[in-house]
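Subject: A structure for you to look at

Hi,

Here is the structure I promised to send over. Please open it beside this email and follow along as you read.

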Amino acid sequence: MIVLSILKWIGIVLGWILLGILALALLILLMVLFVPFRYSASISTGESEDSKVAYGFGVTWILHAISVRKKVDSDITVVRILGIPVKKIGGTVEQPEDDDIFQYEDEDIFSESEATDVRKAESSDPEKEVEARTAIGAEDPETVRERKIDGDEPSDVPLIEEPVEEKDEKSEKKKKKDELAAIKNEKKKGPIERLISAIGDKIRGIKRKIRDSFRKIGFIFYKLSSIIDIVRDRAPRRTIKRLVKEVVRMIRYVGPKKISGTVEFGTGDPSSTGLILGGVSLCKLAYQKDVSITPNFEEKCLVGNATVKGRVRVVYFLRMALRIWFDKDVHHLWRRYRRMKKDFRKKERALQS
């Protein structure tokens, strides 16, 4: 009974733990679906012509608990979780100073310094050369020469024999015979026969090119006619219109909800500046509250800064994908497209063969 009661309580605890894990996973999934991701982007240009366009952006989630930001005046993108920087992306790597280079121990550096010591010893005194080589663990050159003469010096570099290609003598002889026979036949022919054969080869080549070009043109017309048949049909046309509407709705949903900024522009010519101003005045963006557009009719300039803000929920994309997936007309159009693609591949293989 004691063992059974212990197992019972262990099962209850494990069940509650598993239930808590499932509830936590469900909570995280609902938060990802319904809590919006807020984004912002900003861009600015300087007064001088040499100044570069600077940009910045930011993406936050759950009251800035998770954020990815890049400031306009910085090249570093910082990822933060609960305000703590977790990762930095971009930026320039700081080069070590001259004093810090000598702190690293590198075998290549020491080998170069030892080689310079040996060179100095060779140039100064031949007796010191032996001492310097023995100090760095090298052998005396005289002993090396004796070992080479006696044949005791092992060869560090392996001998690489060049691979010899095996040649088929029979096939080469046959090729030579065929070439000689073709040359003899050409020599036997007279100049008129050679001219006639050359003209015939040219005509056959032209016929082949014309036939291939007509086949390609016919294949292009076959593609166009297949696409036109799909467009003329009512069901595919209705499906394409529905997909276009879904894309337009998605762009409107993802688009910024708030736009602010100031722009001053000028081309140096009052007439062209006025034309641009007239085109900009036709846009709805020019009449928003926080947007200021100022033309400069005297100088050539482009100075300004702009900021856009918006938010996106993942559940919108999930609903859109489900609407498209469960639409029968979309499946019918997809099957028809795959069938048409298979027909195109068969035609291409027939042309190539």
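Let me start with a term: a nonpolar core is a set of buried Ala, Val, Leu, Ile, Met, Phe, Trp, Tyr and Cys residues joined through side-chain atoms within 4.5 Å. Here, buried means under 20% relative accessible area, while exposed means over 50% and partly exposed lies in between (1.4 Å probe, protein chains only).

Two notes on how to read everything below. This is a predicted model, in which local features need pLDDT of at least 70 and side-chain atom pairs count only at pLDDT 80 or more, whereas totals for chains, interfaces and linings use all residues. Residues are numbered from 1 along each chain as its sequence is written, and side-chain values use heavy atoms, with hydrogens and water left out.

**The core**

Which residues make up the largest nonpolar core? The five are Phe219, Ile230, Leu333, Met340 and Phe344. Helix 7 (191-232) and helix 11 (328-352) each supply at least two residues of this core, and the largest share, 3 residues, comes from helix 11. Helices (H or I, at least four residues) and strands (E, at least two) are DSSP runs, numbered from the N terminus. Apart from its neighbours within four places in sequence, methionine 340 is in contact (heavy atoms within 4.5 Å) with Ser226, Ile227 and Ile230.

Next, find the open sheet of 8 strands, with the order 5-4-3-2-1-8-6-7 and mixed pairing. Two strands pair if DSSP finds at least two bridges between them. At the edges are strand 5 (84-90) and strand 7 (291-295), each pairing on one side only.

Now follow some strands in turn. Strand 2 (residues 54-61) runs antiparallel to strand 3 (residues 66-70), with 5 bridges joining them; tryptophan 61 has isoleucine 66 as its bridge partner in strand 3. Strand 3 is also antiparallel to strand 4, again through 5 bridges, and a hairpin of 5 residues joins these two strands. In this pair, valine 68 stands opposite valine 79 in strand 4. Strand 4 and strand 5 pair in the antiparallel sense over 6 bridges. Their hairpin has 2 residues between the strands, and leucine 82 in the turn has a positive phi of about 55 degrees.

Is threonine 77 buried or exposed? Threonine 77 is buried, with a relative accessible area of 12%. Its place is in strand 4 (residues 76-81), where threonine 77 stands opposite isoleucine 89 in strand 5. Beyond four places in sequence, its contacts include Phe57, Val68 and Lys88. The C-alpha atoms of threonine 77 and lysine 88 are separated by 5.6 Å, although the residues are 11 apart along the chain.

Asparagine 296 lies in the loop between strand 7 and strand 8 (300-312), and asparagine 296 is buried, with a relative accessible area of 12%. Its side chain makes a polar contact of 3.2 Å with the side chain of glutamate 264. A polar contact is a pair of N or O atoms within 3.5 Å; within protein, one must be able to donate a hydrogen and the other to accept it, and residues adjacent in sequence count only if both atoms are side-chain atoms. The side chain of asparagine 296 also reaches the backbone nitrogen of glutamate 298 at 3.1 Å.

**Confidence**

The chain averages a pLDDT (the predictor's confidence in each residue, from 0 to 100) of 77, and 73% of the residues score at least 70. Over residues 96-112 pLDDT stays under 50, and the model has 1 contact there beyond four places in sequence.

Enjoy exploring!
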